[in-house]
Amino acid sequence: MKYWKVTQEWPGQMAFIVAGGPSVLDVNLELLRGRNVIAINSSVYAVPWAQFLYFGDYRWFAEPNNRATVASFTGRIITTSKLVRDRNVLICRRVNPPGLAVERDSLTQHWTSLTAATNLATHLVGSGGTIIWLGADGCYRADGRTHHHEPHPWVRKNGCFDKQYADLITIVPSLQKLNIAAFNASPGTAWGEIGRAHV
């Protein structure tokens, strides 16, 4: 399989990643129009004008509504799933943590698509760039809400946030080495220390 290579299209700039956490409901996403934006799976419904859509889970792509959205998305669609057979979807090599992949055809992902989306952003902004997370909550709302969009049809397993955190914390040294600042700007996040650890 020939993997797609990410080019440095946003050198030294700021990139925003919109993840699925319910805190996105407290953010005015209209302020991101015209900025560099990467949407993670169903977050594309909140920011359909994003330049990039990333999904790592084939189950998301297999849902009919999501597949229709992918077909109409005007930006570029990236995945690390080898199960996808769609000429409009660009496939990168999937690499397991720890750390971020430096090869431009590779993205790190295991327990969360946020590591891969962050890796995509590092390739795009390069040294001196900045990455901002939105919807990276690491927890549910007090009212039990799990996402800012419709919940996924599959059951989220116990301990999922701990597993995601364990992957995410490993990318901190990579960001430091790449001279990329990253901040978790998700209101009420349980993962704020990840953003503060390397700036």
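**View 1. Surroundings of Asn119 in the predicted model.** Asn119 touches Leu100, Ala101, Ser106, Leu107 and Thr108, not counting residues up to four places away in sequence; contact means heavy atoms within 4.5 Å. The model is predicted: local features need pLDDT of at least 70, side-chain atom pairs count only at pLDDT 80 or more, and totals for chains, interfaces and linings use all residues. Numbering runs from 1 along each chain as its sequence is written, and side-chain values use heavy atoms, without hydrogens or water. The Asn119 side chain reaches the backbone nitrogen of Ala101 at 2.9 Å. Asn119 is buried, at 0% relative accessible area (buried means under 20%, with a 1.4 Å probe and protein chains only).

**View 2. Helix 3, residues 113–125.** Helices are DSSP runs of H or I, at least four residues, and strands are runs of E, at least two, numbered from the N terminus. At its start, a side-chain oxygen of Thr112 reaches to within 3.0 Å of the backbone nitrogen of Leu114. Gly126 follows helix 3, with a positive phi near 65°.

**View 3. Trp10 and Phe52, an aromatic pair.** Ring centres of Phe, Tyr and Trp (its six-membered ring) pair within 6.5 Å; planes under 30 degrees apart are stacked, over 60 edge-to-face, the rest tilted. The count comes to four aromatic pairs. Trp10 and Phe52 are edge-to-face, 5.6 Å centre to centre, with 80° between the planes. Trp10 lies in the segment before strand 1 (14–18) and Phe52 in strand 3 (residues 52–55), 42 residues apart.

How values were computed: Buried means under 20% relative accessible area, exposed over 50%, partly exposed in between (1.4 Å probe, protein chains only). A polar contact is a pair of N or O atoms within 3.5 Å; within protein, one must be able to donate a hydrogen and the other to accept it, and residues adjacent in sequence count only if both atoms are side-chain atoms.
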